[in-house]
Amino acid sequence: MATLFRQGMDPLYRESRPILPRNLAYLSAAVLIATLAFMVFSEYVLDAHMPSWTIPVTAVVFVIIIVVLLVLRMDLEVYPDKVVITHAFRKTVVEGREILDVRSGDLTEIRNYGGWNLKGVKHRTFSRIGDDEGVALKVMGKRVVVFSTEDPEHVHAIVPREERPADALSDGDSKEEE
């Protein structure tokens, strides 16, 4: 990671947020803890006959789930020559020379790729639970990368993209008329 942050390699934009909103993560943790407490109550007070391994194994699994819920993050970094998206444990790098077009706005609308006339497209969506706004990148090779962000207009403006002359557009690409 040290090579990413050499002098001159600082990102133009950086955003790091939890994938699951904190209040939802805390609510999920509370439900899991209450479930475990009920299991203990059932075993020792109500004399339910559970195998001896049930409570310890459930406790370990619930702790792992709670830690994962609290640790999952979505990181977005926009550099002058690339966009780096880290969603949960998966890192995706989109080079600026591969980006053909950029859209920003409501995630539902930009996921439909309206006006791009794309058929057989491979798409990836990286979003936070509860986010409605984001950016879509049309990438070479019939790929579209969609991600949510707090400031889609700013990210849209600074995303590096391949500059192509108008006569180099393929039949699947069309310029929007103003």
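R97 and E95 form a salt bridge in this predicted model, with 3.6 Å between the closest N and O atoms; a salt bridge is taken as a side-chain nitrogen of Lys or Arg within 4 Å of a carboxyl oxygen of Asp or Glu. R97 is exposed, at 55% relative accessibility, whereas E95 is partly exposed, at 22%. Here buried stands for under 20% relative accessible area, exposed for over 50%, and partly exposed for values in between, with a 1.4 Å probe and protein chains only. Residues are numbered from 1 along each chain as its sequence is written, and side-chain values use heavy atoms, with hydrogens and water left out. As the model is predicted, local features need pLDDT of at least 70 and side-chain atom pairs count only at pLDDT 80 or more, while totals for chains, interfaces and linings use all residues.

The whole structure contains eight salt bridges. One of them links the side chains of E15 and R17, at 3.1 Å from N to O. E15 counts as buried because its relative accessibility is 6%, and R17 is buried as well, with a relative accessible area of 10%. In another salt bridge, R128 is paired with D131, and the closest N and O atoms lie 3.2 Å apart. Both R128 and D131 are buried. Through salt bridges that share partners, E15, R17, R128, D131 and E150 are joined into one network.

The protein chain has four helices and eight strands. Helices (H or I, at least four residues) and strands (E, at least two) are DSSP runs, numbered from the N terminus. Read from the N terminus, the order of elements is β-α-α-β-β-β-β-α-β-β-β-α. Of the 178 residues of the chain, 36% are buried. Among contacts with a separation of 6 or more, 60% are between residues 24 or more positions apart, a contact being heavy atoms within 4.5 Å.

Helix α1 (residues 22-44) packs with helix α2 (residues 54-71) at an angle of about 175°, and their axes are 10 Å apart. The axes are lines fitted to C-alpha atoms, for helices over the stretch in contact, and angles run from 0 to 180 degrees between N-to-C directions. The two helices are therefore roughly antiparallel, on a scale where angles under 35 degrees count as roughly parallel, over 145 as roughly antiparallel, 65 to 115 as roughly perpendicular and the rest as oblique. The contact of α1 with α2 involves 16 nonpolar, four polar and two charged residues. In this division Ala, Val, Leu, Ile, Met, Phe, Trp, Tyr, Cys and Pro count as nonpolar, Asp, Glu, Lys and Arg as charged, and the others, Gly among them, as polar. S42 is placed in helix α1 and is buried, at 9% relative accessibility. Not counting residues up to four places away in sequence, S42 touches D47, A48 and M50.

In soluble globular proteins, nonpolar side chains tend to be buried together. The largest nonpolar core in the model has 19 residues, of which L76, V83, L137, V145, F147 and V155 touch the most other members. Such a core is a set of buried Ala, Val, Leu, Ile, Met, Phe, Trp, Tyr and Cys residues joined through side-chain atoms within 4.5 Å. Two or more residues of this core come from each of β2 (73-78), β3 (82-87), β5 (99-106), β7 (133-139) and β8 (143-148). Another core, of seven residues, lies apart from it and includes L32, L36, M39 and I55.

V135 belongs to strand β7 and is buried, at 0% relative accessibility. V135 and F147 are twelve residues apart in sequence, and their C-alpha atoms are 5.6 Å apart. Beyond four places in sequence, the contacts of V135 include V102, I110, V145, F147 and V155. In strand β2, E77 is buried, with a relative accessible area of 12%. The C-alpha atoms of E77 and R14 are 4.5 Å apart, although the two residues are separated by 63 residues in sequence.

Two loop residues other than glycine have positive phi values. A88, in the loop between β3 and β4 (90-95), has a phi near 60° and is partly exposed, with a relative accessible area of 28%. K142, in the loop between β7 and β8, has a phi of about 55°.
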